[in-house]
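Reader: Could you walk me through the charged and aromatic side-chain pairs in this one?
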Amino acid sequence: MADAGREGLGVTGPLDGLRIIEIAGLGPTPFAAMVLADMGAEVVRIERPGNRSLLGLDYDILNRGRGFVTLDLKSAEGRNTARRLIGRADGLIEGLRPGVMERLGLGPDDFAGNPRLVYGRMTGWGQAGPLAEAAGHDITYIALSGALHAIGPAERPVPPLNLLGDFGGGGMYLAFGMVCAFLEAVRSGKGQVVDAAISDGTAHLMSMIQGMASGGQWQAAREANVLDGAAPFYRVYQCKCGGFVAVGAIEPKFWTELVERLGLDLAELPAQMDRSRWPELRAVIAARIAEKSRDEWAALMEGSDACLAPVLTLAEAPDHPHNAARGTYVRHEGVTQPAPAPRLGRTPGRIAEESQVRAMDPEEVLKAWGA
């Protein structure tokens, strides 16, 4: 595992030269800012006085790679300084409720002097619509997309942490939308508002499943479909040790190899795609996997096309040989964390050397930015 990033990383990333102001928030906004900073953008976070870490952490991974300035946006002086900073930036990230930035005099229309400004707005429900002003969290946003209903055992839906909404449908779409707007601004000379709603992004992530449902290939019930745990060949099984393995042998040739490596006779099993006999087939596979430990099965399947992998804990994942070989995780400022992704061959991303706890003087930032 590398100490500060992958070996051989370049000094600058593909977004080198972009200057972004981030209004401190939770979840999807700092994640989007982290993604952009990992790729070389210079991001400066505006934080409230006395509240640097909103999660109460000594080191918040989502805040890595960028310093911060402390401003009281409730004061005229704080708002004026923020306005000057945003006026020199290429982009802004904010995750407040619709209308809050406008009431502070920091809305999109308040920066006519910075026509190239890309104004990134992250909310749960979007800037407009019947629910725009309503509170919510990941679980409520993904509920309206149909995604939550599709995830979990037959008895009830299960929240997929906050990965699907906050980070998948939220932060990543905000970062992507802003990069799209930055590219367009190169041609037009004009910035624009990026309205990133978690509810919208999650619905977009469900495109394939929505298409399957529209084509009659997806049942509304949970644990009734190929990808939701019903299929014996796409399911998590418990091992003798109490740990778990994940099986994803969908294609017939992969299923054949899995069965062979499990020591079972394919000819004696129900047909792979005979849904009426899936419960029987699941029971056979479950009983066989319960005969060995997770790590024993992992060793037997390693590097094969059986599509079986051990279900690792957060503590175990960084030390898996594949993750270690690729430098998927790095150790930065004493904290193990995911390395920047994805990988670019010529201008790879990296974690900026600056400590995330580095307080910055707003006037020095402005001076460096040419104000």
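Author: A salt bridge here is a side-chain nitrogen of Lys or Arg within 4 Å of a carboxyl oxygen of Asp or Glu. Please keep in mind that this is a predicted model.

Reader: Fine, so how many salt bridges does the structure hold?
Author: By that rule the structure holds 12 salt bridges. One of them is between the side chains of E94 and R121, with N and O 2.6 Å apart.

Reader: What does the pair of E94 and R121 tie together?
Author: E94 belongs to strand β4 (residues 91-94) and R121 to strand β5 (residues 118-123), so their bridge ties together parts that are 27 residues apart in sequence. E94 and R121 are both buried.

Reader: And which residue does R121 form a salt bridge with at 2.8 Å?
Author: That partner is E102, whose closest N and O atoms with R121 are 2.8 Å apart. Since R121 sits in strand β5 while E102 sits in helix α3 (residues 100-103), this pair ties together parts that are 19 residues apart in sequence.

Reader: Now R294, what does it bridge to?
Author: R294 forms a salt bridge with E316, and the closest N and O atoms are 2.9 Å apart. Here R294 lies in helix α11 (residues 294-301) and E316 in the loop between β9 (308-310) and α12 (321-326), so the pair ties together parts that are 22 residues apart in sequence. E316 is partly exposed, with a relative accessible area of 30%, while R294 is buried at 11%.

Reader: Which residues do salt bridges with shared partners join into one network?
Author: They join E94, E102 and R121 into one network.

Reader: Switching to rings, how many aromatic pairs does the count come to?
Author: The count comes to four aromatic pairs. One of these is W125 with Y141, an edge-to-face pair at 4.8 Å centre to centre with 85° between the planes. W125 is in the loop between β5 and α4 (138-143) and Y141 is in helix α4, so the pair ties together parts that are 16 residues apart in sequence.

Reader: What about F233 and W278?
Author: F233 and W278 also form an edge-to-face pair, with 5.7 Å centre to centre and 85° between the planes. F233 lies in the loop between α8 (207-214) and β7 (234-238), and W278 lies in helix α10 (residues 278-289), so this pair ties together parts that are 45 residues apart in sequence. Both F233 and W278 are buried, and together with W255 they form one aromatic cluster.

Reader: Where does the charged end of K292 sit?
Author: The charged end of K292 sits over the ring of W297, at 5.8 Å from the ring centre.

Reader: Then what is D166 in contact with?
Author: Setting aside its neighbours within four places in sequence, D166 is in contact with P28, D138, G171 and I198.

Notes:
Residues are numbered from 1 along each chain as its sequence is written. This is a predicted model: local features need pLDDT of at least 70, side-chain atom pairs count only at pLDDT 80 or more; totals for chains, interfaces and linings use all residues. Side-chain values use heavy atoms; hydrogens and water are left out. Helices (H or I, at least four residues) and strands (E, at least two) are DSSP runs, numbered from the N terminus. Buried means under 20% relative accessible area, exposed over 50%, partly exposed in between (1.4 Å probe, protein chains only). Rings of Phe, Tyr and Trp (its six-membered ring) pair if their centres lie within 6.5 Å; planes under 30 degrees apart count as stacked, over 60 as edge-to-face and the rest as tilted. A charge sits over a ring if NZ of Lys or CZ of Arg is within 6 Å of the ring centre and within 35 degrees of the ring normal. Contact means heavy atoms within 4.5 Å.
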